[in-house]
Amino acid sequence: MSVLDDDIEATVVSTEEIQSKITELAARIDADYADREPLLVGVLKGAVMFMSDLARELSRPSTMEFMACSSYGSNTTSSGVVRILKDLDRDVTGLDILIVEDIIDSGLTLSWLLKNLQARNPASVEVVALLRKPDAIKVQVPVKYVGFDIPNEFVVGYGLDYAERYRDLPYIGRLRPSVYGG
Ligand SMILES: O=P(O)(O)OC[C@H]1O[C@H](OP(=O)(O)OP(=O)(O)O)[C@H](O)[C@@H]1O
Ligand code: HPA
Ligand SMILES: [Mg+2]
């Protein structure tokens, strides 16, 4: 862990800030879904940490599914081309989907995912995203729950990777540009 920490030049969101934001988001979701059981759809792999912490913080039952769609590969900018690497395991007709995302950067992944899931006739589709980069948005996407708006810089940790590394950091940090040749 300390070797990875050397690659981080600044903390963007601390572990404590993440935890208290999840408590706050979970309370809002509990209130909004008081008479419904949300199906949490986690977007692999980035959302794993957020999904597992959020699900445990909700005080009402929820169920889980995962999708994997890749647009970044090992780059620091989105290719804009979204591919499904793993689809849902069940029919979501009539269910209340809550998409769980780690980050909305260009918005391309989420915009594509919303259209894809809406076409499956769920009862509702909402989005909860831990991070959003307002200055990087290329497509506006309706996001009901947002944790933090952050500057337009490449970040890693708490699920977010650069070339598959740093997902295990317990906080969100800014990667030293020298690590990715910047
Ligand atoms: O708003 P966008 O510009 O589309 O970027 C956001 C998406 O990109 C990242 O996924 P990535 O493709 O890196 O897959 P990963 O979660 O497995 O790292 C991230 O986890 C989001 O899903
Ligand atoms: O800033 C980021 N970091 C890691 N993965 C990402 N995917 C979109 N934006 C980012
Ligand atoms: Mg990634």
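1. Let's start with the running order. From the N terminus on, the elements of the protein go α-β-α-β-α-β-β-β-α-β-β-β-β. That gives four helices and nine strands. Here helices (H or I, at least four residues) and strands (E, at least two) are DSSP runs, numbered from the N terminus. Before you read on, note that this is a predicted model: local features need pLDDT of at least 70, side-chain atom pairs count only at pLDDT 80 or more, and totals for chains, interfaces and linings use all residues. Residues are numbered from 1 along each chain as its sequence is written, while chains are lettered from A and ligands numbered from 1 in the order in which they are written.

2. Now the overall dimensions. The C-alpha trace of the protein spans about 50 × 35 × 25 Å along its principal axes. The radius of gyration is 16 Å, which agrees with the value near 16 Å that a compact globule of 182 residues would have. That radius is taken over C-alpha atoms, and the globule rule is 2.2 Å times the number of residues to the power 0.38.

3. What share of the 182 residues is buried? The figure is 29%. A residue is buried if 20 or more other C-beta atoms lie within 10 Å of its own, exposed if 12 or fewer, and partly exposed in between, with C-beta atoms placed from the backbone. As for contacts (C-beta atoms, placed from the backbone, within 7 Å), residues 24 or more positions apart account for 66% of those with a separation of 6 or more.

4. On to the inside. The largest nonpolar core has 40 residues, and L98, I99 and V100 touch the most other members. Such a core is a set of buried Ala, Val, Leu, Ile, Met, Phe, Trp, Tyr and Cys residues joined through C-beta atoms within 7 Å. Elements that each supply at least two residues of this core include α2 (15–32), β2 (39–44), β5 (96–104) and β6 (124–132). Leaving aside its neighbours within four places in sequence, L98 is in contact with P38, L39, L40, V41, E126 and V128.

5. Have a look at β6 next. Seven of its nine residues are buried, so β6 is largely enclosed by the rest of the structure. β5 and β6 pair in the parallel sense over eight bridges, where pairing needs at least two bridges found by DSSP between the strands. I104 stands opposite R132 in β6.

6. Which residues of α3 are buried? They are M49, F50, M51 and L54. The buried residues of α3 pack against α2, β2, β5 and β6. E16 counts as exposed because it has 9 C-beta neighbours inside 10 Å.

7. The β8 and β9 pair is held over two bridges, and V156 stands opposite G173 in β9.

8. The loop between β8 and β9 deserves a stop, and Y166 is found there. Y166 is buried, because 22 other C-beta atoms lie within 10 Å. In sequence Y166 and V155 are eleven residues apart, and in space they are 9.6 Å apart, C-alpha to C-alpha.

9. Most residues other than glycine have a negative phi, and most peptide bonds are trans. Y158, in the loop between β8 and β9, has a positive phi near 50°. E164 lies in that loop too, with a positive phi of about 75°. Separately, a cis peptide bond joins L44 and K45, with omega about -10°. K45 is found in the loop between β2 and α3.

10. Finally, ligand 2. Eight residues surround it, and the closest are I103, D105, F154, V155 and L160. To be near the ligand, a residue needs its C-beta atom, placed from the backbone, within 6 Å. By class, the shell has six nonpolar, no polar and two charged residues. Ala, Val, Leu, Ile, Met, Phe, Trp, Tyr, Cys and Pro count as nonpolar, Asp, Glu, Lys and Arg as charged, and the others, Gly among them, as polar.

Notes:
Contact = placed C-beta atoms within 7 Å.
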